[in-house]
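Hi everyone, thanks for coming along. Please have a look at the model on the screen, and then I'll walk you through a few of its details.

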Amino acid sequence: MGLTSFDACEDVLEHLKTEALHRVGPWGLGTGTDMYPMPAGAEQDVAAEDSGAFAAPGGTDGGDDSGGAARQPHSTTNVQEAGVDEPDVAKTDGRVLVTAAGGDLRIVDVTGAAPREVGRLPLTVPSGSPEAGPEFAPEYADASVFLAGDRVVALVRQNTMIAYDTAMSSYPGGGMPSTTAVLLIDISDPAAPVVESRLEVEGNYLDARMVDETVRLVVSSYPKLQFPMTEQDYNLPEDELTERNRAVVEASTIADWLPSYRFTSGDDEPVTDQLVGCEQLSRPDDFTGYSTLSVLTFDPAEGLSADGTVGVLTDGDTVYASPDRLYVATTRWGDPFPADERSIRPMPEPGEITTGIHAFDITGNVAARYLASGEVEGRIIGRYAMSEHEGVLRVATTIDDWTGNTDTSESVLYTLEEGDGELVPLGQVGGLGKGEQIYAVRYFGDTGYVVTFRQVDPLYVLDLSDPAAPAVTGELKITGYSSYLHDGGDDRLIGVGQEASTDGRTVGAQVSLFDVADPSAPTKLDGHVVPDAWSQTEWDPQSFLFWPDTDQVVVPLETMTGPSALVVQLGDDTVTEQGQITRTEAPREGWTQLRRSIVVGDALYTVWQDGVQVNGLDDLQPRGWLAFG
């Protein structure tokens, strides 16, 4: 998968029209993304994945030390890589807690005995308002935030409500249109947060990272090409419909294919323009679709901007970043773009499930630069399956068929390096978990850990010091599995997942402690099981909290009786339950989700969808509740 850049919009338009005319059919341009279900286990994506670099326990939540109440020791977002901050539903600087849980931005004072809301700001724009634009009617989907000094960067995924009869024909594959809103908010006066500027981008916000106060935002956008269909059209011959759709492609303009943005600064009039300049757009030599993958770069201290945005004509769904590289990966279930005028892709043959990866240079505070693309066989479980170390990308995949049948499956770890616009394979080690699939991956420098599962949990230890010859050095087989792995210090590894019977039936959520001092002989020191429970940490690593000052681990639990925060105490070789934190106030509508657990000073704050609770860190006794009104 080499690279080709464009010199002008005319070149982009010619390329897209040529590819589309080869593939357009009676029902438009089908991407095939919804044509058949994902394999069993693939829905774990975010947390049956794992691959940091023994990241330090936390990210970078910004903030200065001047003015206001004294900053208290505090936890930060549980990030994959040290120094690479990730957007989260809640952040703190030790003085205020900023959260997007519940739909609005809320600023909570955490310096007192109980949490106190001091500021609030809606994150969505009412339908029909000038900021929304004439064609958008956004509804709140979800939001996350960065905290950078006295500014908050809020990232809001928005779904656009449109008429049903146009929804089926607006986008290739029938995809629903979406927009991403980026809000730069001044919280220097926490009681009066102010939106300094707003950037609304056509497309779905995949993920973002912040390194040294520079934010990289990744957005995936469908074309806006319309293939009108009425109920009567379904009775027309398919060749007639195809010719009509070919005429739509022929008449299309660059605005039909590439995303635009809408920027509003303060009370100024909004400015609308094309998001990616055609000269900043590239494509892999192999056709990878009509979507545009855009990487935006901005410094919150200098304001929002779409200047310098780079793009690739490809799709993407998983984002991983090291301090100097950003990778976007997509698992391809066979050829989603058959060049024979078919809108529905065929079922993939064995060996056709692959993962395409695109690399960007994010060093410095300048715009990202598209570097290389590559492909490996098999499917990844999410961003933790990838890790970049000393210029080498490591990727772990499971190779099975599209149904998720693991009878003949195995997992493989690949190493790749950049060269001439490609991610070139260096080495690989396979045969991991034959008949099983990956549930967790983690990379710690030159060491990798892979967990596979079907009936028992093989924890593999891999030596990655020679990228051309990665090798398995040790293996541990136990019941159950870990879906998330974390550095416990002192050659210990913490696992969060499920305990299981010898026949593979899960029996409850488990926090495990492993001794990994000897890479040839990993051992399980202890584990704590909560029967008939599961943890959000299994697919959302940001919900995991390890506070090394006290060796406490906090994970959210779900049981038949409701949610709670499980707090366990780690000893040298033990895992002991300290207690479970439940809400002191019943939810108004009968159900609520525990989103995050955060340490500030001697207190443990739990952020729920409808409020914030504080408990003592040492005794877990309730200290106060703040309801989101």
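Let's begin with E390, which is found in the loop between strand 21 (386-389) and strand 22 (392-399). When I say strand, I mean a DSSP run of E with at least two residues, while a helix is a DSSP run of H or I with at least four, and both are numbered from the N terminus. This is a predicted model, in which local features need pLDDT of at least 70 and side-chain atom pairs count only at pLDDT 80 or more, while totals for chains, interfaces and linings use all residues. Residues are numbered from 1 along each chain as its sequence is written, and side-chain values use heavy atoms, with hydrogens and water left out.

Back to E390: its phi is near 55°, a positive value in a residue other than glycine. Is E390 buried or exposed? With 70% relative accessibility, E390 counts as exposed. For these words, buried means under 20% relative accessible area, exposed means over 50%, and partly exposed is in between, using a 1.4 Å probe and protein chains only.

Another glutamate to look at is E213, in the loop between strand 10 (204-211) and strand 11 (214-221). E213 is not a glycine either, yet its phi is positive, at about 70°. Its relative accessible area is 34%, which makes E213 partly exposed.

Now to the cysteines. How many disulfides does a search of the whole structure find? The search finds 1, where a disulfide is a pair of cysteine sulfur atoms within 2.5 Å. It joins C9 to C278, with an S to S distance of 2.0 Å. C9 sits in helix 1 (residues 9-23) and C278 in the loop between strand 13 (271-274) and strand 14 (281-284), so the pair ties together parts that are 269 residues apart in sequence. The torsion about the S-S bond is about 95°, so this disulfide is right-handed. As for the two ends, C9 is partly exposed at 26% relative accessible area, whereas C278 is buried at 2%.

Next, charges. Side chains of opposite charge can pair when their charged atoms come close. The structure holds 23 salt bridges, each being a side-chain nitrogen of Lys or Arg within 4 Å of a carboxyl oxygen of Asp or Glu.

One of them pairs D104 with R120, whose closest N and O atoms are 2.9 Å apart. This pair links distant parts of the chain, 16 residues apart: D104 is in strand 4 (residues 104-109) and R120 in strand 5 (residues 116-122). D104 counts as buried at 16% relative accessibility, while R120 counts as partly exposed at 40%.

E117 belongs to strand 5 and R106 to strand 4, 11 residues apart. R106 is buried, at 2% relative accessible area, and E117 is partly exposed, at 27% relative accessibility.

Further along, D540 and R596 form a salt bridge, also listed at 3.1 Å, N to O. D540 lies in the loop between strand 32 (523-531) and strand 33 (545-547) and R596 in strand 37 (residues 594-600), so the pair ties together parts 56 residues apart in sequence. D540 counts as buried at 15% relative accessibility, and R596 is buried at 6% relative accessible area.

To finish, please find R325, D361, R369 and E418, which are linked in a network of salt bridges.
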